[in-house]
Amino acid sequence: MDLPATQYTPVSFTPEQVGLRDHFRKYMMAELDPRTTDFENGESPYPFMKQMVADLGLATEADRLEKTGGAKNPDENSDRKNDPDNDALMRFIRTQIQIEVARVNPGFALSWGASIGLFGSNVRSKGTVEQVKKYVPDVQRCEKIGSWCLTEPGAGSDAFGSMKTTARPDGDDFILNGSKTFITNAPYADYFLVYARNTDDGSIQAFIVERDYKGVDTSKPFDKMGMKSSPTGQVFLDDVRVPGENLLGGGQKDRDHVRKSLASERIGIAVQSYAIAERCYDIAVDYAKTREQGGQAIGNYQLVQNRLARMYVDLSNSRRIVYSNEQMDLLDACAGKLFVAEAGTRVATEAIHILAGNGYMAEYVVERMARDAKLLELGGGTTEIQILTIGKAIMEG
């Protein structure tokens, strides 16, 4: 499948990076795009996730973990710079795949990212060797689907202070009670990474909960404004007995372990928002060059150029955040999420305006992208939470 005539390419891209980008983009346009309408109308996205991972060879880490018995770094004496997780090309590939998926279908990208990222990467980085071996490979291959369960019906932004889900120690096990809401993949997930308050010491801990545990139930998929390709629902926990061996990592001593997971989530949201902005920008530029009014392309009018220029500024600044090779702490993750999420919504809205009546029609994609973009300003902490977190960090620094 041919790529769009107008295509935003960062000047910093090497020929190898352009080739990888184009390879992933052609695949998503050929394989994911034709399925998007069905996913938006309720067809399960998970079988194609499994196919996509196999087609693009994204299960190499799963294969390695199985060969090493779940060990995260089999050679304890190896230099950190040789760790694949720190390889610049591998980081580019992971980022670019996320972008290409989200350019076509942000909802599908949200479900895939929640499963392999918020569930899989958290277990991989914080879990015991046994937990990594048991849960991570199948999730990375999308043979099993994971979910990340933090938000509660009465505790959105105040997820920690108002958490009511409890974990009561009972011998070697824990008894979980409570509920979680707005959980990506909840209606169909096989595994749930559930955050609960330990009734003994008040600490917040994460537990790997399997769907077939007695007392686990989920709602039907919610009816949402956007991200319709991503099933979202509620998780109910009624005296769920969870083996002590499923306490993530044997128990997290770091009080900020949940906030570190939030930082990862916010970086992922920024990547998806950037993808929406890039796709909408490409569509708007193509349209401005080909749509004629008054005997000339509408892009020749300065008021249209003004909109395109501001879209480009948002896109350019977002790109510097998303493609950064630096490790982000929570402060920079919040700053990046705040800017790029708002930029994604702005660019999508501007694209609708440039396409005018056509932009309001589903045929031209930007209508769906604008609906999907709005969630990314809300999920992972609202705009207000990002600002408060940044402000507090500045005053404490």
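1. With which residue does Asp22 form a salt bridge? The partner is Arg21, and the closest N and O atoms of the two are 2.6 Å apart. A salt bridge here is a side-chain nitrogen of Lys or Arg within 4 Å of a carboxyl oxygen of Asp or Glu. Asp22 is buried, with a relative accessible area of 18%, and Arg21 is buried at 2%. Buried means under 20% relative accessible area, exposed means over 50%, and partly exposed is in between (1.4 Å probe, protein chains only).

2. Some ground rules for reading the model. Residues are numbered from 1 along each chain as its sequence is written, and side-chain values use heavy atoms, with hydrogens and water left out. This is a predicted model, in which local features need pLDDT of at least 70 and side-chain atom pairs count only at pLDDT 80 or more, while totals for chains, interfaces and linings use all residues.

3. On confidence: pLDDT is the predictor's confidence in each residue, from 0 to 100. The chain averages 91, and 92% of the residues score at least 70. Over residues 75-85, pLDDT stays under 50. For that stretch the model has 7 contacts beyond four places in sequence, a contact being heavy atoms within 4.5 Å.

4. The count of salt bridges comes to 20. One of them joins the side chains of Glu100 and Arg25, at 2.7 Å from N to O. Glu100 lies in helix H5 and Arg25 in helix H1, so this pair ties together parts that are 75 residues apart in sequence. Helices (H or I, at least four residues) and strands (E, at least two) are DSSP runs, numbered from the N terminus. Glu100 is buried, with a relative accessible area of 1%, and Arg25 is buried at 2%. Both belong to a network of salt bridges that links Arg25, Glu100, Arg103, Glu278 and Asp282.

5. Are the partners buried or partly exposed in the salt bridge of Glu31 and Arg35? The closest N and O atoms of this pair are 3.3 Å apart. Glu31 counts as partly exposed at 25% relative accessibility, and Arg35 counts as partly exposed, also at 25%.

6. The structure holds 16 aromatic pairs. Rings of Phe, Tyr and Trp (its six-membered ring) pair if their centres lie within 6.5 Å; planes under 30 degrees apart count as stacked, over 60 as edge-to-face and the rest as tilted. Phe13 and Tyr323 have ring centres 5.3 Å apart and planes at 85°, so they are edge-to-face. Phe13 sits in the segment before helix H1 (15-32), and Tyr323 in the loop between helix H9 (302-322) and helix H10 (330-355), 310 residues apart. Both Phe13 and Tyr323 are buried.

7. Tyr323 has a further ring partner. The centres of Tyr274 and Tyr323 are 5.8 Å apart and the planes stand at 85°, so this pair is edge-to-face. Tyr274 lies in helix H8 (residues 257-290), so the pair ties together parts that are 49 residues apart in sequence. Tyr274 counts as buried at 0% relative accessibility; Tyr323 does so at 17%. Ring pairs link Phe13, Phe92, Tyr274 and Tyr323 into a cluster.

8. Which residues touch the most other members of the largest nonpolar core? They are Met52 and Val101, in a core of 64 residues. A nonpolar core is a set of buried Ala, Val, Leu, Ile, Met, Phe, Trp, Tyr and Cys residues joined through side-chain atoms within 4.5 Å. Helices that each supply at least two residues include H1, H3 (46-55), H5 (88-104) and H6 (106-126). H8 gives the most, with 14 residues. Leaving out residues up to four places away in sequence, Met52 touches Tyr27, Met28, Val101, Phe108 and Trp112. Apart from this core lies another, of 41 residues, among them Val136, Tyr191, Ile208 and Tyr213.

9. Asn198 is buried, with a relative accessible area of 10%. Beyond four places in sequence, Asn198 touches Ala167, Pro169, Phe174 and Ser203.
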